[in-house]
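Biologist: I would like to learn how a model such as this one is read, feature by feature. Could we go through it together, with the general idea before each case?

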Amino acid sequence: MMRMLFRICFIAALLVCCVLLSPALEHEKRRGEEFQSSDENADSDIKVKRNYTTTNDRRPKAGSPRKTGSERVSMGPRSDVSCAKLGGICQPHRYICQGRYLKDKCLGAKTRQCCMPVGVWSILCAGHHNNRVRSCDAHGCGAFNSRRGDDLHKAVDLVCDDYGIVNTPFSGSLAGPVSRKDSAGHQYDGVKLLNDVHCVKIFNIRPFHYMGPVAQGEALGYLLPLQERFSGITSHLELQMCDSSDPSPFI
């Protein structure tokens, strides 16, 4: 009987202990879950901050902007030597130039341009004191834009002697033979002369050579006579710019 009573008391004590301990265990379990959740949130915040920092580091810094192609500064001439070699002078283009201005030949701002004076070319026909333009005769006039039938004369005729020496008007290079025909079918032969500034075709001459460098004043060839085809015409050579502009300011 005593043993039975002891067992009942023991079981009752165990039940009481379980009832009393279960709330405490539940509370500890909740605290553990909250602590674990807070740790996970802290880790996620750290990762977010690291990602944000990495993203910001990839952005270009304000102190060193990237240069695009449009921001590159074009380099102009470093001195006025190229203008001086051509016989010109660098000055602001607002000043009067007796000849004409050439661009990109002077140091500094684009408003400084190379003024090429009148008559910068040397005398072409040996034995003459100047480059005299052919006056009007029975076959026409030698000035630029003079009337030639229904057309305009896009060249200048310079008076020379038959078989007379023709000198190089400016230093440059010979670029091969040239020829042209007029409305009547007459053919005129010559040579092309050019440099960095000028390009000209010289007709009615027989050059000593057609290619290679030549210096200003050097003998270029001799004048071909025109009297056999044009009786009474003034002997002359024909000076034509490659772009059909007026060569008068240079002669």
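Predicted model: local features only at pLDDT ≥ 70, side-chain atom pairs only at ≥ 80, totals over all residues.

Biologist: Is Asn-131 buried or exposed?

Modeller: The relative accessible area of Asn-131 is 12%, and because buried means under 20%, this residue counts as buried.

Biologist: Which polar atoms does the side chain of Asn-131 reach?

Modeller: On one side, the side chain of Asn-131 reaches the backbone oxygen of Ser-122 at 3.3 Å. Leaving out residues up to four places away in sequence, Asn-131 touches Trp-121, Ser-122, Ile-123, Leu-124, Leu-158 and Ile-251.

Biologist: Which residues of the largest nonpolar core touch the most other members?

Modeller: The general idea is that in soluble globular proteins nonpolar side chains tend to be buried together. Here the largest nonpolar core has 23 residues, and those touching the most other members are Trp-121, Leu-158, Val-200, Ile-202, Ile-205, Leu-237 and Leu-239. At least two residues of this core come from each of strand 6 (156-159), strand 9 (187-194), strand 10 (199-203), strand 13 (219-223) and strand 14 (236-241). Strand 14 gives the most to this core, with three residues.

Biologist: What does Trp-121 touch, if residues up to four places away in sequence are not counted?

Modeller: Trp-121 touches Asn-131, Pro-169, Phe-170, His-198, Gln-216, Leu-239, Met-241, Pro-247, Phe-250 and Ile-251.

Biologist: How should I read the charged pairs, and how many salt bridges does the count come to?

Modeller: In general, side chains of opposite charge can pair when their charged atoms come close. With a side-chain nitrogen of Lys or Arg required to be within 4 Å of a carboxyl oxygen of Asp or Glu, the count comes to five salt bridges. One of them joins Asp-80 and Arg-112, whose closest N and O atoms are 3.2 Å apart. Asp-80 lies in the loop between helix 1 and helix 2 (81-85) and Arg-112 in strand 3, so the pair ties together parts that are 32 residues apart in sequence. Asp-80, at 29% relative accessibility, counts as partly exposed, and Arg-112, at 26%, also counts as partly exposed.

Biologist: Are Asp-157 and Arg-134, which meet in a salt bridge, buried or exposed?

Modeller: Both Asp-157 and Arg-134 are buried, and their side chains meet at 2.8 Å, N to O. The pair links distant parts of the chain, with Asp-157 in strand 6 and Arg-134 in the loop between strand 3 and strand 4, 23 residues apart.

Biologist: Which residue forms a salt bridge with Glu-238?

Modeller: The partner of Glu-238 is Arg-180, with the closest N and O atoms 2.6 Å apart. Glu-238 lies in strand 14 and Arg-180 in strand 8 (residues 172-181), so this pair ties together parts that are 58 residues apart in sequence. Glu-238 counts as buried at 3% relative accessibility, whereas Arg-180 is partly exposed at 22%. Salt bridges that share partners also join Arg-134, Asp-137, Arg-148 and Asp-157 into one network.

Conventions. Residues numbered from 1 in each chain as written. Heavy atoms only, no water. Core = buried A, V, L, I, M, F, W, Y, C linked by side-chain atoms within 4.5 Å. Buried < 20%, exposed > 50% of the residue type's maximum accessible area, 1.4 Å probe, protein only. Helix = DSSP H or I, 4+ residues; strand = E, 2+ residues; numbered from the N terminus. Contact = heavy atoms within 4.5 Å. Polar contact = N/O pair within 3.5 Å; in protein donor to acceptor, adjacent residues only side chain to side chain.
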